[in-house]
Amino acid sequence: MIGNDYIHKFNRVLSYNSSLESRFTMMLLRDPHLVDLREEFPRVKYWRPGSLTANEHLVDRLATYDDGYRVAYAVKPTIALEESGIMEIRDLILEQNTGEHFDDFLVITDDQITEARSGNAERIMIACDNVNESHCAVVLDYMRTIHEPTTIIAVERALGPDIDVQNSLFCLMYRGFVAHLSPEETFDDAPFIQTVAS
């Protein structure tokens, strides 16, 4: 599956070559410390032992974080790891890495890119694109009065229909004020949340 998504966070379109790449992009964007994301960049040269000519590898995603740390990602289905040789390529690139383009290089597979993680991340990003700051303030004030785990539905019932509670909670999760207590499950399957101690 090849396509493009407009990313409000960066005010530009990001392309992807597979649904796995698209889902992983949502997971990356869910991190508030992410300040830049490039696709299909950079093209890195590496040498195999004994080779007189360089090979090239095109990085699937290059993420830059607010502390300046840059991570290159290769996104592959688990079943394609051996045939693609990506683990060996990653090791060679890391051994020969000068730090010019990135500080680390990780291989990510469908073992990490689960439906729950990517689905939750997408819902959070959609919420952040439609944030209502006054609603977020009301929900955060209410959450700070609760000192034990609660559910999204319980907060909705407490605050009533005039506040977009769910959207606000997702925005507060992005900002680190509220934690989803079962991040390996979807919000619908495991709706327990708790205020993060500040």
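Predicted model: local features only at pLDDT ≥ 70, side-chain atom pairs only at ≥ 80, totals over all residues.

Me: Which residues of helix α3 are buried, and where do they lie around the axis?

Reply: The general idea is that an α-helix has 3.6 residues a turn, so residues three or four places apart point the same way. In helix α3, which spans residues 86–96, the buried residues are Ile86, Ile89, Arg90, Leu92 and Ile93. Because they cover an arc of only 165° around the axis, they are on the same side of α3.

Me: What do the buried residues of α3 pack against?

Reply: They pack against the strands β4 (43–46), β5 (55–58), β7 (70–75) and β8 (104–108), and also against helix α2 (81–84).

Me: How do the axes of α6 and α7 cross, and which residues make the contact?

Reply: One reads the angle between the axes and then the residues in contact. The axes of α6 (residues 152–159) and α7 (residues 165–175) come within 9 Å and cross at roughly 125°, which means that α6 is oblique to α7. The crossing is right-handed, and the contact is made by Ile152, Val155, Glu156 and Leu159 of α6 together with Val165, Gln166, Leu169 and Phe170 of α7. By class, six of these residues are nonpolar, one is polar and one is charged.

Me: Is His135 buried or exposed, and what is it in contact with?

Reply: His135, which is placed in helix α5 (residues 133–143), has 16% relative accessibility and therefore counts as buried, the cut-off being under 20%. Leaving aside neighbours within four places in sequence, His135 is in contact with Asp162, Ile163, Asp164 and Ser168.

Notes
Residues numbered from 1 in each chain as written. Heavy atoms only, no water. Axes fitted to C-alpha atoms, helices over the stretch in contact; angles between N-to-C directions. Helix = DSSP H or I, 4+ residues; strand = E, 2+ residues; numbered from the N terminus. Parallel < 35°, antiparallel > 145°, perpendicular 65-115°, else oblique. Left-handed = near helix turned anticlockwise from the far one by under 90°. Contact = heavy atoms within 4.5 Å. Nonpolar A, V, L, I, M, F, W, Y, C, P; charged D, E, K, R; others polar. Buried < 20%, exposed > 50% of the residue type's maximum accessible area, 1.4 Å probe, protein only. Arc of directions from axis to C-beta.
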